[in-house]
Amino acid sequence: MLTAVLEPGGDLTTLLYVLSFSLFIIGIKQGTSPTTAKRGNMIAAVGMAVAVVTTLLLDGIGNWGVIVGGLLVGGAIGVVASIRVQMTEMPQMVALYNGVGGGAVALIAWSEFRHGAGGDFPLEEFVPILFAAVIGSISFWGSNVAFAKLQDLIPTKPLAVPGQQVINAIILVAVLAICIYLGINHDDDPSQGLFIAILVLAAVLGNLVVLPIGGADMPVVISLLNALTGLSAAAAGFSLDNVALIVAGTLVGSSGTILTMEMATAMNRSVPNILFAGFGGAPSGPSGSTEERPHRSITAQDAAISLAYADSVVIVPGYGLAVAQAQHAVKEMADELGKRGVEVRYAIHPVAGRMPGHMNVLLAEADVSYEKLVEMEDINPDMPRTDVAVVIGANDVTNPAAKDDPDSPIAGMPIIEVADAQQVIVIKRSLSPGFAGIDNDLFYLDKTAMLFDDAKTAAQNIASEITKL
Amino acid sequence: MDLVIEFTIFVLAAFVGFEVISKVPTTLHTPLMSQTNAIHGIVMLGGLIVAGYADGALELTLAFIAIAFGAINIVGGFMVTDRMLGMFSRRKPKPSDPEQGS
């Protein structure tokens, strides 16, 4: 098919790989600023193309049917999935892509293990293979659980088994023990069965670690798994003597770690806390008794009147807005208010929705101008001077329990202080708790009025009621 | 390649990764995560290499799935990131934007 022109580990090969990961570094760097991020992504993609073509030209690359077939099938799935995915489903898409990356690492490790077994198997190849297999498998299964949670295929609430930490620890020790045993005996035809046992145990561990984590923490978990997949790719690079894998994998591992910590900080959570205590740590208040508490319910017309005669309105969007695809309807409502001289701003909580930046993306899609999006720290001091705060499909990010109740699972998370506004309107389909699975006292305040409806329908109704006033 | 040289490269790359991500605006957390996610699709190269010496149905299947997974990771990852970022770049300042109050 193609004549192999490059030597593995040869000078030209290495130089091309250096070009490719230089492009990755520039791409990541540009990804940290809004003005250059799109170009940065393109640059990184070009770097990837260089790396792939270089590898395809290597001497010893063969079985072209498998290669071309795999590229076509995987490429087609990737293209179709990315085009079809809704903006609201982006987070789970990232989880899924991360998972297949981890899966690829585990399978490559398995392949390498089979290849090396029986012959000369140096320890410096053997150890990275085991590492890649374990981390790859954990990442694959952990990401799939994260995907299933975000896609609502399994309950987003924390699922915990009693003695969970002990079970996890035992599995981890078992994996390490098998790895050490295999490492000691790496020269005399290591057992394939034990290797498969490692893959399976790591898979169980991946499931058990992510299952107890509540949906609200999922972005941080996905970011952490992303960094882990990067590290496992670097390990695969050690065993394959491939410098591109080592550098690119390590870059993702270290930059992903920093990103994970920044995301956790934005939610005022710590990574160990998420992993080991999680939202599953304490049973969260009396759920199920929520229906009985008194609340005030209003119609779209009431809401329209409150809003139209206000001087300043703050809209607090959340995941419900994303699900209902209500961004255009909300923009129209805000425009109607704007025509009447009402100052409308949007309060953006750093983790509103299911990913940091989720709300900015959605509202940008509806052409809401940037300067109207105000970050949490900047809007909170203005809240007491705000006439009406409209909470649209947001829940946990407005829950006063985060600052009032030290026992609450979300205690310490910064919130948008809507309770400080003169009046609060909450648009929500029901009183059901949010992503963290806890009740929200905001709904039962005297100044709070509940408008029970789908976010999009409610916004449209309010907009048309405003035009009638 | 010498293990010590590989280890040197690893450590230096780790520091580059730490340094390159300084303070990232919250808005860009998700796109950046998605982009680095696409970059670890580099493992597909490993799939290409092991395909070369794959022998027997099991190893060929492993290589095939690994390459397909890697390709999904790469292609999907970069495209989804591009779509996310596209939402930002479409925003142009509009002089006609009715500015009220403030």
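Start with the salt bridges: the structure holds 9 of them over all chains. The rule is a side-chain nitrogen of Lys or Arg within 4 Å of a carboxyl oxygen of Asp or Glu. Side chains of opposite charge can pair when their charged atoms come close. This is a predicted model: local features need pLDDT of at least 70, side-chain atom pairs count only at pLDDT 80 or more, and totals for chains, interfaces and linings use all residues. Residues are numbered from 1 along each chain as its sequence is written, chains are lettered from A and ligands numbered from 1 in the order in which they are written, and side-chain values use heavy atoms, with hydrogens and water left out.

**Stop 1: salt bridges between the chains**

Select A:Lys38 and B:Asp82. They form a salt bridge, with the closest N and O atoms 3.0 Å apart. The pair crosses between chains, from helix 2 (residues 37–56) of chain A to helix 4 of chain B. Helices here are DSSP runs of H or I with at least four residues, strands are runs of E with at least two, and both are numbered from the N terminus. A:Lys38 counts as partly exposed because its relative accessibility is 27%. B:Asp82 is also partly exposed, at 22%. The classes use a 1.4 Å probe and protein chains only: buried is under 20% relative accessible area, exposed is over 50%, and partly exposed lies in between.

Now select A:Arg114 and B:Glu59. Their side chains meet in a salt bridge at 3.1 Å, N to O. The count between chain B and chain A is 2 salt bridges.

**Stop 2: the whole interface**

Show the contact residues, meaning those with heavy atoms within 4.5 Å. Chain A gives 110 residues and chain B gives 84. How much area do chain B and chain A bury between them? About 8,800 Å², with 73% of it on carbon and sulfur atoms. That area is the accessible area (1.4 Å probe) that two parts lose on being put together, summed over both.

Next, the polar contacts. Across the interface the rule finds 18 residue pairs, both residues at pLDDT 80 or more. A polar contact is a pair of N or O atoms within 3.5 Å; within protein, one must be able to donate a hydrogen and the other to accept it, and residues adjacent in sequence count only if both atoms are side-chain atoms.

By type, the side of chain B that touches chain A divides into 50 nonpolar, 24 polar and 10 charged residues. Here Ala, Val, Leu, Ile, Met, Phe, Trp, Tyr, Cys and Pro count as nonpolar, Asp, Glu, Lys and Arg as charged, and the others, Gly among them, as polar.

**Stop 3**

Go to A:Pro356, in the loop between strand 2 (343–348) and helix 14 (358–365) of chain A. Is A:Pro356 buried or exposed? Buried, because its relative accessibility is 3%. Beyond four places in sequence, its contacts include A:Pro219 and A:Met263, along with B:Thr26, B:Thr27, B:His29 and B:Thr30.

Then pick A:Gly230, in helix 8 (residues 218–240) of chain A. A:Gly230 counts as buried because its relative accessibility is 0%. Leaving out residues up to four places away, A:Gly230 touches A:Gly249, A:Thr250, A:Val252, A:Gly253 and B:His40. Its C-alpha lies 7.5 Å from that of A:Ala248, 18 residues away in sequence.

**Stop 4**

Select A:Arg345 and A:Asp382. Their side chains meet in a salt bridge at 3.0 Å, N to O. The pair links distant parts of the chain, 37 residues apart: A:Arg345 in strand 2, A:Asp382 in the loop between helix 15 (376–379) and strand 4 (388–392). Both A:Arg345 and A:Asp382 are buried.

A:Arg385 counts as exposed because its relative accessibility is 60%. Shared partners join A:Glu343, A:Arg345, A:Asp382 and A:Arg385 into one network.

**Stop 3: a strand pair, then chain A overall**

Show strand 5 (residues 423–428) and strand 6 of chain A. They pair in the parallel sense over 5 bridges; the rule asks for at least two DSSP bridges. A:Val426 stands opposite A:Met450 in strand 6. Strand 6 (residues 448–452) is mostly covered, with 4 of its 5 residues buried.

Zoom out. Chain A comes to 17 helices and 6 strands. Its C-alpha trace spans about 80 × 50 × 35 Å along the principal axes. Of its 469 residues, 59% are buried.
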